[in-house]
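Come and look along with me.

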Amino acid sequence: MSTFTEFVLRAISLGVGKAENVTRLLNLPSRLVDAIIAELLFDRYLMVNASSGEAVLQLSPTGRTLVSTLVQERVIERTVTYLIDGLSGEPISVKRDLVLSADDLDNDPRLVLNPDSDIDVDYGPDNTGLFLNVDAVRPERESTLLSVLGVESTTKQYLAATVLLFESETDALDRYLRVCVDGRQDERIETLVRECGLLDSMRLTHRIDEDRRRVDRLLPTEVLDARAPDALVEDALEELRRLTPINTEGSDENALDARRSKVRAQLAAAPVRRLSVREAAEDTEVALLAARQGVLISASRLWPAARGEHFVAVLRQLLEAGCPITLETAPRQQLSKTDVATLERLAREFPDSGIDFSESKPAHEASFIVIDQTSMTVFSGSPFAELATLADRLGDDRPTIVRGSEQVQAVIAAAHAAAPMTRGRTAELLRGSSRQN
């Protein structure tokens, strides 16, 4: 017998003869109590006595026998931690290590989705039903939440989520959202975000266009004019995917090699073009390791801590090959704690080994890596972002590659021009900006 069924039987055995009174006594949702009473009537453990002019629930003889066999249980009271969902106003049960405080947001800024109105957090015994919806009743559970005594604190805390915004390749207005909490998709948050109109209020639907402008603001007009149309580049990449051996079993391998070489030559011939997200990580590392005359890394943010060892090894390999490196960042007071720690580590590991540390990064949000002064890749965010570590970004992360020493020098000159460039949405998330409520 489930816990709730037992409590309903005990209440009726004490003389509580109406369903609404049982609901108030046990502080349970009325639909749950009604379902249990209906089941007990069907099983003939309850009967309805209407002799006094009103319908009163009573135990049947079988029901009295059943109640007499129930053991007396000791009530165990324990504290269960819940958060109040800032979007729906409902309680949610989460792991404590997933929760961020306001100070955590200051130390590691993230985009916060704000509800349109403040949430009422005055919960008490009359609100047990809300918590039962969260802590679902299942037969295999050893314990069941029966009552909520109160909420200890109303301090705001935040649950970190990964938000991915997708855009259709054929329709720029066709965009949809995916939200993951602790690596699992949360359709409830996705629905609430759409229903509350938060995509528009937080300007998330404009982030793809903003990312493109972030790179375009850095590129001089003559470089922008030389950029190959995205559609032609995408068609060439799609043809390369179709020409893989897996997709072309039984074909002439020599002919395939010739066709693949021709497509790659067409892509390489474009002096300026946008890379796909998948290309970016591979091409960046291959280009870095091929550098000989020098590498300039101008970064708004550095690599994730989990990838630190990998990129330190890449830098070490470059220095061992005799390739000098300039690492250009913003002043340290504008960097995150993680990036400051990364710079300190690099300074310790490579004190006199060819890395020139500079705090003269231009006041624009784009980053870039220059290889041997003849090739550069301009990123809309971190130059070391990968598919699984896109941080707080939501837009189009495809960088632009520029080839040719004259064009590369033109972009560097534009980046270091004295006139500051307009800052975009991501700047508001940098350390030192106003707190996101």
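Below are my entries, going from the whole chain to single residues.

**Ground rules**

I am working with a predicted model, in which local features need pLDDT of at least 70, side-chain atom pairs count only at pLDDT 80 or more, and totals for chains, interfaces and linings use all residues. Residues are numbered from 1 along each chain as its sequence is written, and side-chain values use heavy atoms, with hydrogens and water left out.

**The whole protein**

I looked up the secondary structure and found 16 helices and 16 strands. Helices (H or I, at least four residues) and strands (E, at least two) are DSSP runs, numbered from the N terminus. Of the 437 residues, 40% are buried. Buried stands for under 20% relative accessible area, exposed for over 50%, and partly exposed for what lies in between (1.4 Å probe, protein chains only). I also checked the contacts with a separation of 6 or more: residues 24 or more positions apart account for 70% of them. A contact here is heavy atoms within 4.5 Å.

I started with helix α1 (residues 3–13), which packs on α2 at an angle of about 115°, the axes being 10 Å apart. Axes are lines fitted to C-alpha atoms, for helices over the stretch in contact, and angles run from 0 to 180 degrees between N-to-C directions. α1 and α2 cross in the right-handed sense; a crossing is right-handed if the near helix is turned clockwise from the far one by less than a right angle, and left-handed if anticlockwise. On the α1 side I noted F7, V8, A11 and I12, which meet V22, L25 and L26 of α2. This contact holds 7 nonpolar residues, no polar and no charged ones. For these classes, Ala, Val, Leu, Ile, Met, Phe, Trp, Tyr, Cys and Pro count as nonpolar, Asp, Glu, Lys and Arg as charged, and the others, Gly among them, as polar.

Next I followed α2 (residues 19–26) to α3 (residues 30–42): their axes come within 9 Å and cross at roughly 125°. The two helices are therefore oblique to each other. In the angle scheme, under 35 degrees is roughly parallel, over 145 roughly antiparallel, 65 to 115 roughly perpendicular, and the rest oblique. The crossing of α2 and α3 is right-handed. A19, V22 and T23 of α2 and S30, V33, D34 and I37 of α3 make the contact. Here I read 4 nonpolar, 2 polar and 1 charged residue.

**The seven-stranded sheet**

In which order do the strands of the open sheet of 7 strands run? I wrote down β10-β16-β15-β14-β11-β12-β13, with mixed pairing. β10 (272–274) and β13 (355–358) stand at the edges with a single partner strand each, so one side of each has no neighbour in the sheet. Neighbouring strands are turned by 15° against each other on average, direction ignored. Strands pair if DSSP finds at least two bridges between them.

Then I took the pairs one by one. Strand β14 (residues 367–371) runs antiparallel to β15 over 5 bridges, and F368 stands opposite V378. The two strands form a hairpin with 3 residues between them, and D372 in the turn has a positive phi of about 55°. On to β16 (residues 400–403): 4 bridges join this strand to β15, again antiparallel, with V402 as the bridge partner of M376. β12 (residues 325–328) and β13 are parallel and joined by 4 bridges; E328 faces S358 there. Helix α14 (residues 308–320) lies across β11 (295–298), β12 and β13, at about 145° to β12.

Is β15 (residues 375–379) mostly covered or mostly open? Mostly covered, I found: 5 of its 5 residues are buried. S375, T377 and F379 point one way, while M376 and V378 point the other way. S375 has a relative accessible area of 17% and is therefore buried. Leaving out residues up to four places away in sequence, S375 touches I369, V370, I401, V402, R403 and V408.

**Two more residues**

I looked up S353 in the loop between α15 (337–349) and β13. S353 is partly exposed because its relative accessibility is 37%. Its C-alpha atom is 9.3 Å from that of I325, 28 residues apart along the chain.

With a relative accessible area of 16%, Y158 is buried. Y158 and D104 are 54 residues apart in sequence, and their C-alpha atoms are 9.3 Å apart.
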